[in-house]
Amino acid sequence: MRRLSAAASVFLLSAGCLTREISSDERLDRETSNLAVKDTPEASDLEKLTCLNTDEELLKARNVNRPETDRLMDYITLFSSLRKRTHTFEEAMLRNPDLQYREGAGAIVAAKDTCIQQTEDVKVEFETYMRELVDVPTVQEIKGGNAVTIARLDFSTLRQAIETLAPDDKEQLLNRVASAEKKVTAAKAPEEEPATTGGKRKGSK
């Protein structure tokens, strides 16, 4: 009975994991990854790919009321996903040019063109936001009556955004982020120094 109960528990836990719903974007990414391992995707495979379902992700990334680290991460995820889908279309048509001329190929070509355009549009918006954050990576916060320099967002995410976009001035941008990070670290140092005079004054008159 004990073994049976344990097995039943494992089954129920597994079933709970299997029933987790995945988003349409995750499903498309999974299908895109599956296509990537095939030598030449078929037309029926390409028909499952679309770049028309980005409105929800874009609205999240554009929402100025959300933390900037989260917004930037949404741009990274969306742009990477669109770029992957576009690459799948282009690679399939490069390997099998007949895909563009078969019956019903118009829908596939149109889907590919949409992905290319969506990827470029999101890239422009993503890069504009990334550069805004690099230009002003820190803010001033009042602590104890003094202005203290703090990070505007997570610097690791900002570096990831720069690496993902890989602009021509990537190294300069990364250097600017490193410089901002040093300023924040230097501003934190005085706050972290322990008091050394309190013990001596305790017993004085």
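**Figure 1. Confidence across the predicted model.** The mean pLDDT of the protein (pLDDT being the predictor's confidence in each residue, from 0 to 100) is 81, with 72% of residues at 70 or more. This is a predicted model, in which local features need pLDDT of at least 70 and side-chain atom pairs count only at pLDDT 80 or more, while totals for chains, interfaces and linings use all residues. Residues are numbered from 1 along each chain as its sequence is written, and side-chain values use heavy atoms, with hydrogens and water left out. Confidence is highest in helix 7 (residues 155–165), at a mean of 98, and lowest in helix 9 (residues 198–202), at 40; helices (H or I, at least four residues) and strands (E, at least two) are DSSP runs, numbered from the N terminus.

**Figure 2. Overall arrangement of the elements.** The protein has 9 helices and 2 strands, and from the N terminus on these run α-α-α-α-α-α-β-β-α-α-α. Of its 205 residues, 30% count as buried, a word that stands for under 20% relative accessible area, with exposed meaning over 50% and partly exposed lying in between (1.4 Å probe, protein chains only). The protein exposes about 13600 Å², of which carbon and sulfur atoms supply 52%; accessible areas come from the Shrake-Rupley method with a 1.4 Å probe, and for residues only the protein chains shown count as cover. Among contacts with a separation of 6 or more, 64% come from residues 24 or more positions apart.

**Figure 3. The largest nonpolar core and leucine 72.** In soluble globular proteins, nonpolar side chains tend to be buried together. A nonpolar core is taken here as a set of buried Ala, Val, Leu, Ile, Met, Phe, Trp, Tyr and Cys residues joined through side-chain atoms within 4.5 Å. The largest such core has 36 residues, and Leu72, Phe126, Met130 and Leu158 are those with the most contacts inside it. Two or more residues of this core come from each of helix 3 (43–46), helix 4 (55–62), helix 5 (68–95), helix 6 (105–135), helix 7 and helix 8 (170–192). Leaving out residues up to four places away in sequence, leucine 72 touches Phe126, Tyr129, Met130, Leu133, Leu153, Thr157, Leu158 and Ala161.

Figure 4. With a disulfide defined as a pair of cysteine sulfur atoms within 2.5 Å, the count comes to 1. Cysteine 51 and cysteine 115 form this disulfide, with their sulfur atoms 1.9 Å apart. The pair links distant parts of the chain, cysteine 51 being in the loop between helix 3 and helix 4 and cysteine 115 in helix 6, 64 residues apart. The torsion about their S-S bond is about 90°, so the disulfide is right-handed, and both cysteine 51 and cysteine 115 are buried. Threonine 54 lies in the loop between helix 3 and helix 4 and counts as buried because its relative accessibility is 0%; beyond its neighbours within four places in sequence, threonine 54 is in contact with Leu78, Leu82 and Gln118.

**Figure 5. Alanine 43 in helix 3.** Alanine 43, which lies in helix 3, is buried, with a relative accessible area of 7%. Apart from residues up to four places away in sequence, alanine 43 touches Leu99, Arg102 and Ile108. Alanine 43 and aspartate 98 are 55 residues apart in sequence and 9.9 Å apart in space, taken from C-alpha to C-alpha.

Figure 6. Strand 1 (residues 138–143) and strand 2 (residues 146–151) run antiparallel and are joined by 6 bridges, two strands being counted as paired if DSSP finds at least two bridges between them. In strand 2, threonine 149 is the bridge partner of glutamine 140, and alanine 147 is that of isoleucine 142. The hairpin has 2 residues between the strands, and in it glycine 144 takes a positive phi near 60°. Most residues other than glycine have a negative phi. Alanine 166, although not a glycine, has a positive phi of about 50°; alanine 166 is found in the loop between helix 7 and helix 8, and its relative accessibility of 45% makes it count as partly exposed.

Conventions: Contact = heavy atoms within 4.5 Å.
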